Amino acid sequence: MKTHPPLAILTLLALLAACSRQEAPPSPTAATATPPVVSAASAPHDAPEKPGIAWRQAVSDADVDAAFADAKTANKPVFVYWGAKWCPPCNQVKATLFNRQDFIERSRAFVPVYIDGDSPGAQKLGTRFAVRGYPTMVLFNPAGAEVTRLPGEVDAAQYTQVLTLGISAQRPVKAVLADARAGAAGLSANDWKLLAFYSWETDEQQVLPKAQSVAVLRQLAQGCPADQPETAQRLLLKALTAGEAATVKATPADRERVLALLADPAAARAQMDVLTVSAADLVRVLSAAKTPQRTQLLTAFDGALKGLQADATLSRADRLTALIARVDLARIDAPKDATPAMPEALLAEVRELAARSDREITDGYERQAVITSAADMLEMAGLLDESDALLKANLAKSHSPYYLMLGLAANAKKRGDKVGALHWYEESFDKSEGPATRLQWGARYLAALVELSPQDDARIERAAQQLFKEAEQPGAFYERSARSLQRAGDKLLAWQRTPGHGPAFKRLQAQLDGVCRQLPDGDSQRATCDALLKPAPKKTA
């Protein structure tokens, strides 16, 4: 919801930034009393246990080493899936990919390893694999070298094809990229596809520095052979969405290529994931506000997105993402945080699809993915009360209701209801599960308190005390957990600069010092802990 790191939250990817990309209950109602949807996802640390996939759950380096050793012996690749119980796009891949027979059959060809982000050693493993946003999926060869990172946003049938491509790849994507940049001859069509379908969004600079991504992807799009138009088109779209509009510098020829793509239903279907998730980014890059080019693109996009929204071969989540993109485009030139008047016909579609999704979904994984995105869509369309009603009706049906509570908190905040917002942020923290998740939700609650009620020293101190108590768990100063604590520390540092907060801040410093002293001096976590609640050192000339 308003969380994702990862993976720009136009629904599923957007949820990477928070999930990356990742970022007091209401009176009981008949809706909230609905019995929970039965789902295997309801376990606190649920591996994606779909029949037929021999997942190996890894919670330590030893588990991972054993999986890689077995893979080497069997001469099989290793497929590492890094996810979390609450994460909507993680639930989406469980609902639409891991239960597919073709994926299950393909899984026999590799060793599938699942790392639950809330398992005790998961965040340390995140450092080992350089993964951040949920979900991240990485394929290694039998020798243990990373081959490619797989995109979680493509549709399931396309994903299986990309996975097969990675398994059969002769070289890691990093080596293929080096040859492509050098202009080397002899790259195969599969080499170019490996580059086009690489998960650049979860690369974490393993293959390419972030600052170079726009230029390099542009170079790849231009260098892709003319007999591979679909691959070249995908590389161009990735180049156009890899950075801010000012850094991309799109050309009129780029705009014409995108317009031609949008006019071709089959071509648009092949690039569905980029067109739906990045529609507004593409329009901003390719046109200026209030110009004929902007109007032309908006019209073309709306037509293509309507086609994807009606495409029965796509999942509910993908069709919903197409409608969310249409809502986003309808407000593209409105001032930030404003809710412009939406066309009544579009509002009717928003209401109908949200209600139909709520009515028809029976799978718990799919519900977590789709309902949270539908609630976001209602909020984007200015239908805050209806967004609230959908979220409240699904609290008892969700295996991770604390995620839905963040949407209720954000809606209350948007209304200017500080009491309601803090109530839901606190409730979401109280109900959250898993060590990394509790630190993330606790840091979010603390940030909201500092922003919305900075004079409530007692409540802020209680929240911070609880957060630092949670930080006594093993591995709390690695990766996602460390970033949560750093964000909380930065908020408290800013808060204590206002007169009157000094005594509470000093007590919190003393508590944190005690936590840090429990960590061995040689542990990398100790330096991270010691740096919290201390101003950054001044840079010298």
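**Cavity.** I took a cavity to be a set of points, on a 1 Å grid over the protein atoms alone, where a 1.4 Å probe fits but cannot get out, with lining residues having an atom within 4 Å of a point. Grid points are joined across faces, edges and corners, and a volume is the space filled by probe spheres set on the points. The model is predicted, and I noted that local features need pLDDT of at least 70 and side-chain atom pairs pLDDT 80 or more, while totals for chains, interfaces and linings use all residues. Residues are numbered from 1 along each chain as its sequence is written, and side-chain values use heavy atoms, without hydrogens or water.

The largest cavity holds about 60 Å³ of space, and its lining includes Gly117, Ser119, Gln123, Pro435, Gln473 and Ser481. I sorted the lining by class (Ala, Val, Leu, Ile, Met, Phe, Trp, Tyr, Cys and Pro nonpolar; Asp, Glu, Lys and Arg charged; the others, Gly among them, polar) and found 5 nonpolar, 6 polar and no charged residues.

**Strand E3.** For helices (H or I, at least four residues) and strands (E, at least two) I used DSSP runs, numbered from the N terminus, and for exposure the relative accessible area (buried under 20%, exposed over 50%, partly exposed in between; 1.4 Å probe, protein chains only). In strand E3 (residues 111–116), 6 of the 6 residues are buried, so the strand is largely enclosed by the rest of the structure. Val111, Val113 and Ile115 lie on one side and Pro112, Tyr114 and Asp116 on the other.

I then looked up its partners, counting two strands as paired if DSSP finds at least two bridges between them. Strand E2 (residues 78–83) runs parallel to E3 with 6 bridges, and glycine 83 stands opposite aspartate 116. Strand E1 (residues 56–57) is also parallel to E3, joined by 2 bridges, and glutamine 57 has tyrosine 114 as its bridge partner.

**Helix H18.** In H18, the buried residues are Leu346, Leu347, Val350, Leu353, Ala354, Ser357 and Asp358. They cover an arc of only 135° (taken from the directions from the helix axis to the C-beta atoms), which puts them on the same side of H18. Glu344, Ala345 and Arg359 are exposed on the other side.

**Backbone.** I noted a cis peptide bond from tyrosine 134 to proline 135, with omega near -10°. Asparagine 75, not a glycine, has a positive phi of about 55° and is exposed at 59% relative accessible area.

How values were computed
On a 1 Å grid over the protein atoms alone, a cavity is a set of points where a 1.4 Å probe fits but cannot get out, and a pocket is an open set with protein on both sides within 12 Å along at least five of seven lines; lining residues have an atom within 4 Å of a point.
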